[in-house]
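Please read the points below as a colleague's note, to be followed with the coordinates open beside the text.

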Amino acid sequence: MNPVIKLENVSFAYNTNYILENINLNVEQNDFLGIIGPNGGGKTTLLKLIMGFIKPDKGKVEVFGKSSGKSNSRIGYVPQFNQTDKQFPIKAFDVVTMGLGHSKSFLPWNKKSDFGKVTEAMDFVSITDIADNTFGELSGGQQQRCLIARALVSNPGILILDEPTASVDSTVEVDIYKLLKKLNNDMTILLVSHDVGFISSYINKIACVNKEISVHGRDEISFDKISHEAYHGDFSMIQHKCNL
Ligand SMILES: Nc1ncnc2c1ncn2[C@@H]1O[C@H](COP(=O)(O)OP(=O)(O)OP(=O)(O)O)[C@@H](O)[C@H]1O
Ligand SMILES: [Mg+2]
């Protein structure tokens, strides 16, 4: 079967500074790909290339067999959290509705089904009861669930999450990963995380990104190995030799 995401010899620079070099990556249907690496290693940049927000300087990026950007409607995206998001002066329900994007219609009969889609997405992540609360007043975990519902509401084939659990405690983190595992039955998931230990039990592949990329299958995943590649030996338990 063809990969749902394919990067071939991709390089990308902001100005003249290469952030990613010679990236090759195949993501198959129903993969749960963990992406790790140090701050500034290029993880978010990689996601932006996949979504077509930015274009590679070299190589090609294909999503569902088309050049990236042309299949955006089939990707749900939970961006890296920042403080400004918290200040959204709107209700949780409206945040989720935003995820319908261009597919939102002003025709009354479609509006009705949009309402159904939003309710269904909120129900899936268990936040129906806080639909009328202001986004800024929600807990960190509820906000993340809300942003996941926003990404899910368009019924994407791929869900991309950039550090969705960075601002929540470990109990909420486990809940969110369990939720993602459930979603993984129906969709391909890419998840950026710094919690190597946590994600290793959910993912089936891991990509270490630090300007270059090194991808490992489930059977090759070992904590020592990954930590070294991605973090240049910042962790004390490292023994693995890798060029990254
Ligand atoms: N719009 C931009 N213009 C110029 N440089 C940028 C831009 N966005 C990111 N960069 C630079 O590109 C590099 C990679 O950034 P990126 O956000 O992809 O890293 P990351 O791996 O996601 O890091 P983090 O773990 O901190 O989120 C960084 O050095 C960053 O400063
Ligand atoms: Mg990032």
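1. Leaving out residues up to four places away in sequence, Asn-184 touches Asn-30, Phe-32 and Ile-189, where contact is taken as two C-beta atoms, placed from the backbone, within 7 Å. Asn-184 lies in the loop that runs between α6 (170–183) and β8 (188–192); helices (H or I, at least four residues) and strands (E, at least two) are DSSP runs numbered from the N terminus. Because 18 other C-beta atoms lie within 10 Å of its own, Asn-184 is partly exposed, on a scale in which 20 or more such atoms within 10 Å make a residue buried, 12 or fewer make it exposed, and counts in between make it partly exposed, with C-beta atoms placed from the backbone. The C-alpha atom of Asn-184 is separated by 9.6 Å from that of Tyr-202, which is 18 residues away along the chain.

2. On the basis of the note: this is a predicted model, in which local features need pLDDT of at least 70 and side-chain atom pairs count only at pLDDT 80 or more, while totals for chains, interfaces and linings use all residues. Residues are numbered from 1 along each chain as its sequence is written, and chains are lettered from A and ligands numbered from 1 in the order in which they are written.

3. As to the overall make-up, the secondary structure of the protein chain comes to eight helices and 10 strands, and 37% of its 244 residues count as buried. Of the contacts in the protein chain between residues at least 6 apart in sequence, 65% join residues that are at least 24 apart.

4. Which residues surround ligand 1? The shell consists of Tyr-14, Ile-19, Gly-37, Asn-39, Gly-40, Gly-41, Gly-42, Lys-43, Thr-44, Thr-45 and Gln-80, a residue being near the molecule if its C-beta atom, placed from the backbone, lies within 6 Å of it. Helix α1 (residues 43–51) provides the largest share of this shell, three residues. By class the shell holds two nonpolar, eight polar and one charged residue, with Ala, Val, Leu, Ile, Met, Phe, Trp, Tyr, Cys and Pro counted as nonpolar, Asp, Glu, Lys and Arg as charged, and the others, Gly among them, as polar.

5. One of the shell residues, Gly-41, sits in the loop between β3 (32–36) and α1. Gly-41 counts as buried because it has 23 C-beta neighbours inside 10 Å. Apart from neighbours within four places in sequence, Gly-41 is in contact with Val-209, Asn-210 and Lys-211, and its C-alpha atom is separated by 9.8 Å from that of Ile-213, 172 residues apart along the chain.

6. Four strands form an open sheet in the order β2-β1-β4-β5, with antiparallel pairing, two strands being paired if DSSP finds at least two bridges between them. Since β2 (17–27) and β5 (66–67) stand at the edges and have a single partner strand each, one side of each is left without a neighbour in the sheet. Strand β4 (residues 58–63) pairs with β5 in the antiparallel sense over two bridges, and Ser-67 in β5 is the bridge partner of Glu-62.

7. Two backbone angles deserve a check. Asn-22, in strand β2, has a phi near 50°, a positive value in a residue other than glycine, and Phe-64, in the loop between β4 and β5, likewise has a positive phi near 50°. Most residues other than glycine have a negative phi. Asn-22 counts as partly exposed because it has 15 C-beta neighbours inside 10 Å, and Phe-64 counts as partly exposed because it has 17.

8. Strand β6 (residues 75–78) pairs with strand β7 (residues 158–162) in the parallel sense over four bridges, and Leu-161 in β7 is the bridge partner of Val-78. Ile-75 and Tyr-77 point one way from β6, Gly-76 and Val-78 point the other way, and all are buried.

9. Helix α5 (residues 140–152) is mostly covered, with 11 of its 13 residues buried. The largest nonpolar core has 58 residues, and those with the most contacts inside it are Ile-35, Val-96, Ala-149 and Ile-160; such a core is a set of buried Ala, Val, Leu, Ile, Met, Phe, Trp, Tyr and Cys residues joined through C-beta atoms within 7 Å. To this core α5 gives the most, with six residues.
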